[in-house]
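Please look through the sequence and the 3D structure below before reading on. The paragraphs that follow go through some of the side chains and their contacts.

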Amino acid sequence: MSENSMGLTMVEEQFVYGERALSYAREFAGHKKKAGGMPVAWLEKTMWNLGLEVYKQSFARTLPFPDELRERYMVKGTNVYGILRAPRAASTESLVLSVPCSQGQQNNQAVGLMLALASYFRGQIYWAKDIIFLVNEHDLVGMEAWLEAYHNVNVTEIQSSGMLGRAGAIQAAVSLELSSDVITSFDLAVEGLNGQLPNLDLVNLFYAFCQKSNLLCTIQGKLQRSDWDSLPAYLHSLQTLLLMVLKQGSGRPQGDHGLFLRYHIEAVTVRGINSFRQYKYDMGAVGKTLEGMFRKLNNLLERLHQSYFFYLLPSLSRFVSIGVYMPAFGFLILILVLKALDLWMKLSRCDVDPADQSCDGGPMAAEEPRPSLLPLVPPLLICHATGLALYFVPILGQHMATQHFPVSESEAVVLTVIAIYVAGLALPHNTHRVLTGAGSDRGWMMLKLLSLLYLAIQLGCIALINFSLGFLLAVTMVPVAAAVQPTGPKALQAVLLVLVTPAATLLFGIFLYHELIEYPISVLEGWQRFLQAIAEGLLDHHLYGSVVFPFVALFVYPCWLLLWNVLFWK
């Protein structure tokens, strides 16, 4: 533990309201079923009786196109939250315990446990930070509405009633998901929006309390093996690591905590799992763990900052730091830089001695006029115009598509994305030939030099934001990008180039993910999940600000099209 105010021996956790938590959960479930949604009035009354300052916030959001997975186009809901004011401080800092109000029987026990914790916390006098107990409706949409209103910003066009009650600056948050009276293990979700991760001390804090309470804890749904120094254990850790890379690379928040990270609030999602394992833990044990975590966070004198913000987790007890994995990524980028340097030296040698046999084009090159950068303009304009069409047309043209074709709006958006993506392959890639001297070997060498440097800059920049996304794109695109040229076996190079396009990487990633979680799927199921992933990627961008779709559409795909131009250069 890097933060010394969170040492292991500083807290003796206590919680004796396990039965009360179950009683609250049953009462909440009954009122939720009666109301057909979140029982706002009952929650307000219950929190008020517990001695909290209670507020509610209504919000509404129109989706850019219908979400067929949840069958909604307009999202309306209400968030309810209660504030426990710190008796020993001036309301300058706060902590958040949030619970998403899900449909059906999901998370009823989490709401009950949250109310029981609020009841227990109310009787303690050691709190130095305000504690906010939040029940948010409609999962991430409700959480985004609450965070925007709390920080008085509006970046995603959510219509909100505003925030009537505030506590101090939020230091940390825990999102709880619990749907059973007993659990066999805790699962921790750390991946946030755009691949952001919480401070490693928060992960270590959770792991330390699970160890102290003898609770089983997992990450990516996988339990750490005891024989960690054996080959099967290394393979197990590699599977866990790859699962984290795939989830982080998607840019999707893996829980409500993922939106807190945008506001520099360290947060994790804790999920209670009830499986077929032998050992069972009741609400008392779960409540003790959360109470201990909040008491430790209450001891913080400053924001969590001493530990790592960039890491990969093969297990909860070990991590790979940025100092270990970033040099490996740097070597991948170095391939592009060295290949670009090689092309630049060839071009320089051709300019100095056009008759040199080692120059591409040989003695005939001496008769060709020396090309300028002008031949690169048409391919650059066409490729980036295709990227702009890929980004704007699917959303703007969905109503026109539904009028002319028998499809729904969401299907029209996804099919338009695929149509524009595939149409990029058939664009007139030889427009450079209208320019004098543009059809020489020097032309494609200059275009490839520009493409390699462009790709290296893109991957380097995205790796600083979301390492996993940069790594997945680099490990697939870099080898083929360095090797592609208009000479040699064109058919083979074309097949390889299609196989490393971002869409193919997404499709392969879906199959790999299901293999790693030991739930293999058929080709048809994989294709359906591929279409679903495209729709969710667009929704994540427009609802929460995920950068994966615009990055691929506006930068990676045009760069790939430039390499396609190089292959078919004449």
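This is a predicted model: local features need pLDDT of at least 70, side-chain atom pairs count only at pLDDT 80 or more; totals for chains, interfaces and linings use all residues.

Where is the place of aspartate 256? Aspartate 256 is found in the loop between α6 (231–250) and β10 (266–273). Aspartate 256 is buried yet takes part in no salt bridge. The nearest side chain of opposite charge belongs to arginine 271, 7.6 Å away, and a salt bridge needs the two atoms within 4 Å. What aspartate 256 does have is a polar contact of 3.1 Å with the side chain of asparagine 136.

Glycine 258 lies in that loop between α6 and β10 as well. Glycine 258 counts as buried because its relative accessible area is 0%.

Arginine 262 is partly exposed at 28% relative accessibility, whereas glutamate 144 is buried at 0%. The other, arginine 252, pairs with glutamate 536, with the closest N and O atoms 3.1 Å apart. Glutamate 536 belongs to helix α16 (residues 523–544), and the two partners are 284 residues apart. Here glutamate 536 is buried at 16%, and arginine 252 is partly exposed at 26%.

Across the whole structure, 11 salt bridges are found. Among them is the one between arginine 85 and aspartate 130, at 3.2 Å from N to O. Arginine 85 sits in the loop between β2 (72–84) and β3 (93–101), and aspartate 130 in strand β4 (residues 130–137). These two residues also belong to a network of salt bridges that includes Glu53.

Aromatic rings make up another set of contacts. A pair of rings is described by the distance of the centres and the angle of the planes. The model has 25 aromatic pairs. In one of these pairs, tyrosine 17 and tyrosine 120 are edge-to-face, with 5.7 Å from centre to centre and 85° between the planes. Tyrosine 17 is in the segment before α1 (18–35), while tyrosine 120 is in helix α3 (residues 108–122), 103 residues apart. Tyrosine 17 is partly exposed at 23%, and tyrosine 120 is buried at 8%.

A second pair joins tyrosine 325 and phenylalanine 467; the centres are 4.2 Å apart and the planes are at 35°, so the pair is tilted. Tyrosine 325 lies in helix α8 (residues 322–352) and phenylalanine 467 in helix α13 (residues 467–483).

Tyr17 and Tyr120 are also members of one aromatic cluster, which includes Tyr126.

Finally, how many disulfides does the structure hold? It holds zero. Cysteine 210 has its nearest cysteine sulfur, that of cysteine 217, 4.3 Å away, and a disulfide requires the sulfur atoms within 2.5 Å. For cysteine 461, the closest cysteine sulfur is in cysteine 559, 12 Å away, which is too far for a bond.

Definitions and conventions. Residues are numbered from 1 along each chain as its sequence is written. Side-chain values use heavy atoms; hydrogens and water are left out. Rings of Phe, Tyr and Trp (its six-membered ring) pair if their centres lie within 6.5 Å; planes under 30 degrees apart count as stacked, over 60 as edge-to-face and the rest as tilted. Helices (H or I, at least four residues) and strands (E, at least two) are DSSP runs, numbered from the N terminus. Buried means under 20% relative accessible area, exposed over 50%, partly exposed in between (1.4 Å probe, protein chains only). Lys and Arg count as positive and Asp and Glu as negative; His and the chain ends are not counted. A polar contact is a pair of N or O atoms within 3.5 Å; within protein, one must be able to donate a hydrogen and the other to accept it, and residues adjacent in sequence count only if both atoms are side-chain atoms.
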